[in-house]
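Notebook open, two chains to go through.

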Amino acid sequence: MANLVVFCILAVVILGSALMCVMTKRIMRAATFMLFVLFGVAGLYFLLDYTYLGAAQIAVYAGGVTMIYVFAIQLVSKRTLQGLIERVSCSRMLWGALLTLVSVVTVIAVFLKNKFIFAGGLLPDAEVPMKQIGHALVGSEKYQYVLPFEFISVFLLACIIGGLVVSRKKED
Amino acid sequence: MVPVECYFVLSALLFFIGVFGFITRRNLIAMLISIELVLNAVDINFAAFNRLLFPGEFEGFFMTLFSIGVSAAESAVAIAIIINVYRNFKSDSVESITNMKG
């Protein structure tokens, strides 16, 4: 019961912040509301007993990605920051809302039509032990994930180099 | 425990709020923020599927973990491209980018 109450509070926070994030005209406010959405999603991970995922979400998204966005907004959109209204045509907004409503009704209908085997009651409300996560993350046997773990480190290095090359000032 | 349908409905709504922002906003950074919302909705689904339907396994957990890392890298590269676009076109709206060779 307590879980359900916490879930409802988190759902209201996430959906309200997400709506404000896409509706507001100022980019800085959109970034701030995105931060609230990310905190709400981290709260959902805590609710699902995935404490490690929640911590990673807060550290990577709220700590890193939001900072990148804030820096980019300060560097790029000076006119938008001063409250200049972004031009959004009314017909596009209408078409977007219509398309989105149709899609969301379809997807939710498909979700609710299926009956899933609910096995969550079988497991106690205990968080996943950190040792198990660590062994699965760097083990090389079946259901262990050392290859994507190493691949993502190479990928991050490639992204750092790519970002530097793309945003570098031309010398000539 | 919260029934799994609640997570589905929440993540579907969050996903389509992100899609709505992506097709209505014309600012590059606002579109990127909408993509982040979509990615978060997918991550919620992975974690909820794994925890509530297949407890004791870790596929969705690690998928979410790697997805967080990949989206951080993706947003860094996209921000670098946006800063470069702003330097070339002096604007951060998608309408300003009409040809590839600046």
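Before I quote any angle: I take axes as lines fitted to C-alpha atoms, for helices over the stretch in contact, with angles running from 0 to 180 degrees between N-to-C directions. Also for the record, this is a predicted model.

I looked up helix α1 of chain A (residues 2-23) against helix α1 of chain B (residues 4-24), and they pack at about 10° with axes 9 Å apart. Angles under 35 degrees count as roughly parallel, so I log α1(A) as roughly parallel to α1(B). On the α1(A) side I listed A:Phe7, A:Ala11, A:Ile14, A:Leu15, A:Ala18, A:Leu19 and A:Val22. From α1(B) come B:Cys6, B:Leu10, B:Leu13, B:Leu14, B:Ile17, B:Phe20 and B:Gly21. I sorted this contact by class and got 13 nonpolar residues, one polar and no charged.

Which residues touch the most other members of the largest nonpolar core? I got A:Cys21, A:Val37, B:Leu14, B:Ile29 and B:Ile33, out of 62 residues in that core. Helices α1, α2 and α3 of chain A and α1, α2 and α3 of chain B each put in at least two residues. The largest share is from α2(A), with twelve residues.

I find 60 residues of chain B in contact with 70 residues of chain A. On the chain B side, α1, α2 and α3 each supply at least two residues, and α3(B) gives the most, 20 residues. By class, that side of chain B has 43 nonpolar, ten polar and seven charged residues.

Note on methods:
Residues numbered from 1 in each chain as written. Chains lettered and ligands numbered in written order. Predicted model: local features only at pLDDT ≥ 70, side-chain atom pairs only at ≥ 80, totals over all residues. Helix = DSSP H or I, 4+ residues; strand = E, 2+ residues; numbered from the N terminus. Parallel < 35°, antiparallel > 145°, perpendicular 65-115°, else oblique. Contact = placed C-beta atoms within 7 Å. Nonpolar A, V, L, I, M, F, W, Y, C, P; charged D, E, K, R; others polar. Core = buried A, V, L, I, M, F, W, Y, C linked by C-beta atoms within 7 Å. Buried ≥ 20, exposed ≤ 12 C-beta atoms within 10 Å, placed from the backbone.
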